[in-house]
Amino acid sequence: MPETVDAILVKHSRRPENLIPILQDVQKELGYISPESVKDISRYLRISENQIFGVSSFYAQFRFTRPGRHSLRVCLGTACHVRGGATVLDTLENVLGVKCGDTTPDARFDLERVACLGCCALSPVVQIDKRIYSRVAVNKLSELLKFYE
Amino acid sequence: MNNLTKRIESAKQKWEVFQKNEEPIIYIGAASCGRAAGAVQLLAQTNRWLKENELTAKVVQVGCIGPCYLEPLVDVQMPGQPRVSYNNVTTKTLPVILGSHVGESVPYTKGAIGHFGKEPFNGIPRFFELPMLKPQVRIVLRNCGLIDPEQIDQYLAVDGYQGFMNALQTSPDDVIGVVRRAGLRGRGGAGFPTYKKWTVCRNAPGNQKYLICNADEGDPGAFMNRSLIESDPHALLEGMLIAGYAIGASHGIVYIRAEYPLAIERLNEAMQQMKDYGLLGEHILDSAFSFDIKVKEGAGAFVCGEETALIGSIEGKRGMPKSRPPFPAISGLFGCPTIINNVETLGTLPNILRNGPDWYNRFGKEGNRGTKTFSLVGKVRRQGLIEVQLGTSLREIIYDIGGGLQKPFKAIQTGGPSGGCLSEEFLDLTVDYESLTAAGSIMGSGGLIVMDEDTCVVDLAKYFLDFTQKESCGKCTPCRVGTRHMVEILTKITHGEGSAEDLLALRTLGDTIKKGALCGLGQTAPNPVLTTLRYFRNEYLEHIKEQRCRAVVCKDLIEYRVIKEKCTGCQSCVKVCPTGAITGPRSEPHNVDKTKCIKCRSCYVTCRFEAIAGDAIVIGSVEKRS
């Protein structure tokens, strides 16, 4: 997919402060930051691959492994924590058989935690792809996942 | 300027026509929380319903009016009648409401929560007289939920950009003077007088100056900034024009969390409208003032809420704080003088410039002027976004506005992970910068999390420390090593393996980190532990001496049991257990295999709400085997 990365790069000027917007666009396109894309970015911005890894690993948004077909984000903000968000995450880990941060072997879901989705009054919340589910009940999680193949 | 005056006139006329409403208007609260509660589905259903019934109505998506616990909210306004708000609307109740109110012009009073008219209406209470709304003073949030955030004309019709036009007619120094007399302090949490920071930047040498809006609302449990931007983006943008003019900046940047896609979308739309109206770009309103604004998406790092780290992130680097001085007001973004203001600070400015400092001084108390928005969440009955005068007591916020709790009150956390956990004795504490600091907490950006007896304060302190430890950038040793060590000790305590010496170690570590850390993240990180140690020491001791967690939260100290006498053997819990820990044939009491149980609560919830017995599964402290 080098063409897509190139197409992203030409939209930005070669200034170092564009590194994060470029990484964000690459992730939007590929779903993750691939080792090849890092090489391309390095050549384009004339900064070392090390530096790019240094910056990208600093921010929680960037991932370096291929995501699943659906993204599963469990909110562990304070309000969600107080209302059982951690239990929701534990249960999902068990149901899916993967740890937080991993992708299921069948590439159906990738499971991650987020610090806060900003819907604290409706906690606990889980985000699947773009949809946010509010007041999630642990005993209803398996049913919810059935909607996503 | 003339061009805009004309546009304002036409906007006001349009607004009047809109208010008179020849046809029905249906408002749907579609900010992020409304959407999470199902507003998008309701929107589609409303349009379908209108089509099927061959009725016409204006359907408007509005922002958040505050009481999130009532979401989704759908409002109906019939010609010549006040707007009526319906709460917790579902796909089932929506046709009933629309059928009655839009179809037959009869308000469905049973489902209505309030109306927006001036006179009494059909026995429905006035919305702003509701117990949650009445004690509030809405200045920053004045338009939220009332105007269409995607229409600059509606903002202009309610005196939008008037404050900026007033500012343009005076000198930048006069604007700074107005803000000084208003007594505005930074709403990001620290409460530094806004005018002081501005003056330093204004007087700093250099042709290029920057204004950055800090919308990296990283505190878990806080969503005031998101709501304001989604519901009234022009309020923030007008504030940026005013601040940019005052400090002499030509570039503005909104640094916003990538997790807020709707807010970003609304900002971009609003900026396009500003350009069309000559409110952004070169020679704004034919004056000598030129200003542009860019939106920069954050990439998920809590520490970037700190000024110098935020600047590093915009420059494309790791977001690590630098030691100050030099302060950003003298040497900030790309080495130029830079002012970083919080969303709420900027959102307050249009009101101050429009109504004057004396008006603003009517709110709040000496030294703490004006209002503050809070996201009131946790175990209170009425949760949502609120705005109160500084100097309001915690009791008023929790009981009058929040409607109290269902179970007894235990604690309130102010200021997010950097704040403190206050006990019942502080309920009459007034919310202002100094009082909260004296109690060991901070104002912070405005998250208020209320907790009842089901929350374990030790677990909560561990949660916050775990958060700050993970978010620590690792630059300075006290924060990097210290917070990690504190988490280890807290984990030991929640596992029931703590000792009395651990409490002393926590105290010492906390004090050291507060004194030694480089930036605000580290300096405030120990607050949740230090305050809980001070106000809830007994709970720590119970975990240590009795291996008991009274809130039955700490997993290693609790177990799930079936009460044989109560269990009807309905098998509901067997079906939901993810590990197969619950077994037992139908109609016979079930059994929990404690070695398999992961304490996920599924069975407990199922038994209470879906099973026959209802209370056959209990969570209790681990019984000591002797």
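Predicted model: local features only at pLDDT ≥ 70, side-chain atom pairs only at ≥ 80, totals over all residues.
Next, colour chain B by domain: domain 1 (18–129), domain 2 (161–358), domain 3 (372–452), domain 4 (457–546) and domain 5 (555–621). The C-alpha centres of domain 1 and domain 3 of chain B are 31 Å apart. Where the two domains of chain B meet, four residues of domain 1 are in contact with five residues of domain 3. Between these domains of chain B there are three residue pairs in polar contact (both at pLDDT 80 or more) and zero salt bridges.

Now display chain A together with chain B. Their contact involves 43 residues from chain A and 61 residues from chain B. The two chains bury about 3900 Å², 57% of it on carbon and sulfur atoms. On chain A, select A:F58, A:T78 and A:N139, which lose the most area to chain B and together make up 17% of what that side buries.

Finally, select A:D90 and B:K555. These residues form a salt bridge whose closest N and O atoms are 2.5 Å apart, and two salt bridges are found across the interface of chain A and chain B. Among the elements of chain A that give two or more residues to this side are α2 (19–30), α4 (49–58) and α6 (85–96). The residues of chain A that touch chain B comprise 22 nonpolar, 13 polar and eight charged.

Note on methods. Residues numbered from 1 in each chain as written. Chains lettered and ligands numbered in written order. Heavy atoms only, no water. Contact = heavy atoms within 4.5 Å. Buried area = accessible area lost by both parts, 1.4 Å probe. Salt bridge = Lys/Arg side-chain N within 4 Å of Asp/Glu carboxyl O. Helix = DSSP H or I, 4+ residues; strand = E, 2+ residues; numbered from the N terminus. Nonpolar A, V, L, I, M, F, W, Y, C, P; charged D, E, K, R; others polar. Domains from an automatic or database assignment. Polar contact = N/O pair within 3.5 Å; in protein donor to acceptor, adjacent residues only side chain to side chain.
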